[in-house]
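Student: Hello! Could you help me learn to read a protein model, one feature at a time?
Tutor: Gladly; let us look at it together.

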Amino acid sequence: MDFGQTFKFVRTLHAVKQVDVAKNILARSSISQIEVGNQIPSYTNAINLLNNLGISVQEFEYIRNGYKLTPLEDLIYKFETLSDSSQTEDIKNLLAQAKKLNKTINSQNITNIIQVLTALLHVDDYSEKQLRSVVEPVWQDLSRFDSWTVLDIYLVNNILFFFDKEAATHIIDFSLEMIEFQNFPICYY
């Protein structure tokens with residue numbers, strides 16, 4: 001479904017009138033045009049319209065995608081929900097999924113996930129130096145950013161123990177500054 005079709009589906013599902021969802025954002029006639037695909041709202045207006053519907057962008061996109069996560073969202077979700085490095089089969093499967101996806105989507109996030117999963121998979125058969133060399137590019141990538149995503153925090157969490165105490169302390173300090181600066185709500189649960 002496109003934006004307009006999905007928007008109409010959600011709006012009618014929640015029994016919200018066009019005039020109510022358009023309130024203080026657009027004319028009601030614009031909502032009609034959006035729903036039939038003749039008009040595309042600006043990003044800001046789309047966000048505001050979704051807020052008026054009481055739905056998050058993530059949930060809207062999930063519905064728009066046929067009640068499925070996109071392949072990248074699925075990969076990130078599975079990576080973020082790995083509980084520990086002993087889940088060897090899950091790590092192998094996720095690594096295969098990431099490598100396959102990396103062939104069609106050029107994303108540094110996928111590359112970083114591949115590096116971390118590779119290190120986790122070989123924690124028992126690589127030397128400390130080899131493991132660190134696998135994850136060091138991930139840290140080099142993340143350390144150059146002024147802000148992080150939640151995925152970045154999960155990446156750091158999974159590579160931290162591959163570094164010596166001095167490097168790990170530096171990474172922890174840097175990470176805490178990022179978390180504090182950005183006020184990540186996930187870190188306060």
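Student: Which residue's side chain does the side chain of Gln18 join in a polar contact?
Tutor: First, a word on the model. It is a predicted one, where local features need pLDDT of at least 70 and side-chain atom pairs count only at pLDDT 80 or more, while totals for chains, interfaces and linings use all residues. Residues are numbered from 1 along each chain as its sequence is written, and side-chain values use heavy atoms, with hydrogens and water left out. Now, a polar contact is a pair of N or O atoms within 3.5 Å; within protein, one must be able to donate a hydrogen and the other to accept it, and residues adjacent in sequence count only if both atoms are side-chain atoms. Here the partner of Gln18 is Glu35, with 2.8 Å between them.

Student: Where is Gln18 found, and is Gln18 buried or exposed?
Tutor: Helices (H or I, at least four residues) and strands (E, at least two) are DSSP runs, numbered from the N terminus. Gln18 belongs to helix H2, residues 18-22. Buried means under 20% relative accessible area, exposed over 50%, and partly exposed in between, with a 1.4 Å probe and protein chains only. Gln18 has 15% relative accessibility, so it counts as buried. Contact means heavy atoms within 4.5 Å; setting aside neighbours within four places in sequence, Gln18 touches Arg11, Arg28, Ile31, Ser32 and Glu35.

Student: Which residues of helix H3 are buried?
Tutor: In H3, residues 28-35, they are Ser30, Ile31, Ser32, Ile34 and Glu35. These pack against helix H1 (3-13), H2 and helix H4 (43-53). Take Ser32: its relative accessible area is 19%, so it is buried.

Student: What should I look for in a nonpolar core?
Tutor: Look for a set of buried Ala, Val, Leu, Ile, Met, Phe, Trp, Tyr and Cys residues joined through side-chain atoms within 4.5 Å. The largest one here has 35 residues, and Phe79, Ile113, Leu117, Trp139, Leu155, Ile159 and Phe163 have the most contacts inside it. Helix H8 gives the largest share, seven residues. Beyond four places away in sequence, Phe79 touches several residues, including Leu94, Ile113, Leu117 and Leu155. A second, separate core has 13 residues, among them Phe7, Val10, Ile34 and Phe60.

Student: How do I describe two packed helices?
Tutor: By the angle between their axes and the distance between the axes. Axes are lines fitted to C-alpha atoms, for helices over the stretch in contact, and angles run from 0 to 180 degrees between N-to-C directions. The axes of H6 and H7 come within 10 Å and cross at roughly 150 degrees. That makes the pair roughly antiparallel, a label for angles over 145 degrees. Residues of H6 such as Leu75 and Phe79 are among those that meet H7, where Leu94 and Ala98 are included.

Student: Which backbone angles deserve a second look?
Tutor: Most residues other than glycine have a negative phi. Ala15, however, has a positive phi near 55 degrees. Ala15 sits in the loop between H1 and H2 and is exposed, at 68% relative accessible area. Tyr67 has a positive phi too, near 60 degrees. Its place is the loop between helix H5 (57-64) and H6, and at 43% relative accessibility Tyr67 is partly exposed.

Conventions:
Parallel < 35°, antiparallel > 145°, perpendicular 65-115°, else oblique.
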